[in-house]
Every structure is written in C-alpha cells, then in structure tokens.
Amino acid sequence: MKKYICIPCGYIYDPAIGDPDEDIAPGTAFEDLPEDWVCPVCGDDKSHFAEVEE
C-alpha cells in the first residue's frame, strides 16, 4: 500500500501502521480513511497529503 505525506508538517501516514491513536487499524489504505480524519501531528485534513514516491 502507498504511503502519504502531510505537506505542511512532514508526517507520513503508513497504512501498515494505521493511526492507533484514532483507532485506525493497520492495513487501512489512505483512501479508506474517514473523511473527517486529520493529520495527528498538525491537524490538517486529507487534502494536504501527497503520495510518497518510493
């Protein structure tokens, strides 16, 4: 699965880890995150994320 980076702060959402603090299970693709999910570091919404080129 693809990783996504928060442009403003650099946080990387890794679907292999999920977001345990928000009860997002490991294996949850970025596209499957709830619409109201925000960056756990800076609070920006999903529109501020870009796919990480590996």
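User: Where is the place of Ala29 in the chain?

Analyst: Ala29 sits in the loop between E2 and E3. E marks a strand, which is a DSSP run of at least two residues, while helices (H or I) need at least four; both are numbered from the N terminus. This is a predicted model, where local features need pLDDT of at least 70 and side-chain atom pairs count only at pLDDT 80 or more, while totals for chains, interfaces and linings use all residues. Residues are numbered from 1 along each chain as its sequence is written, and side-chain values use heavy atoms, with hydrogens and water left out.

User: Why is Ala29 called buried?

Analyst: Buried means under 20% relative accessible area, exposed means over 50%, and partly exposed is in between (1.4 Å probe, protein chains only). Ala29 has 13% relative accessibility, so it counts as buried.

User: How far apart are Ala29 and Asp44 in sequence and in space?

Analyst: They are 15 residues apart in sequence, and their C-alpha atoms are 18 Å apart. Asp44 is also in the loop between E2 and E3. Its relative accessibility is 23%, so Asp44 counts as partly exposed.

User: What is known of Gly43?

Analyst: Gly43 is placed in the loop between E2 and E3. With 42% relative accessibility, it counts as partly exposed. Its C-alpha atom is 9.6 Å from that of Cys9, and the two are 34 residues apart along the chain.

User: What makes strands E1, E2 and E3 a sheet, and in which order do they stand?

Analyst: Two strands pair if DSSP finds at least two bridges between them. E1 (residues 4-6) and E2 are joined by two bridges, so the pair meets that rule. The three strands form an open sheet in the order E2-E1-E3, with antiparallel pairing. E2 and E3 are the edge strands, as each pairs on one side only. In general, strands of a sheet pair through backbone hydrogen bonds, either parallel or antiparallel.

User: How do you know that Lys2 and Glu51 form a salt bridge?

Analyst: The term requires a side-chain nitrogen of Lys or Arg within 4 Å of a carboxyl oxygen of Asp or Glu. For Lys2 and Glu51 the N to O distance is 3.7 Å, so the pair qualifies. Lys2 lies in the segment before E1 and Glu51 in strand E3, so the bridge ties together parts that are 49 residues apart in sequence. Both count as partly exposed: Lys2 at 46% and Glu51 at 34%.

User: How many salt bridges does the structure hold?

Analyst: It holds three. One of them joins the side chains of Asp14 and Lys3 at 3.9 Å, N to O. That pair links the loop between E2 and E3, where Asp14 lies, to the segment before E1, where Lys3 lies, eleven residues apart. Asp14 is buried at 17%, whereas Lys3 is partly exposed at 28%. Another joins Glu35 and Lys46 at 4.0 Å, N to O. Glu35 and Lys46 both lie in the loop between E2 and E3, so this pair ties together parts that are eleven residues apart in sequence. Glu35 is exposed at 71%, while Lys46 is buried at 15%.

User: Which residues gather in the patch of negative charge on the surface?

Analyst: The patch consists of Asp21, Glu22, Asp23 and Asp36. Asp and Glu count as negative, Lys and Arg as positive, and His and the chain ends are not counted. A patch takes residues with over 30% relative accessible area and no salt bridge, joining like charges within 9 Å and nonpolar side chains (Val, Leu, Ile, Met, Phe, Trp, Tyr) within 5 Å. Asp36 has 66% relative accessibility and so counts as exposed. Asp36 belongs to the loop between strand E2 (12-13) and strand E3 (49-51).

User: What makes the phi of Asp23 worth a note?

Analyst: Most residues other than glycine have a negative phi, and most peptide bonds are trans. Asp23 is not a glycine, yet its phi is positive, about 60°. It lies in the loop between E2 and E3, and at 73% relative accessible area it is exposed.

Notes. Accessible areas come from the Shrake-Rupley method with a 1.4 Å probe; for residues, only the protein chains shown count as cover. The place of a charge is taken as NZ of Lys, CZ of Arg, CG of Asp or CD of Glu.
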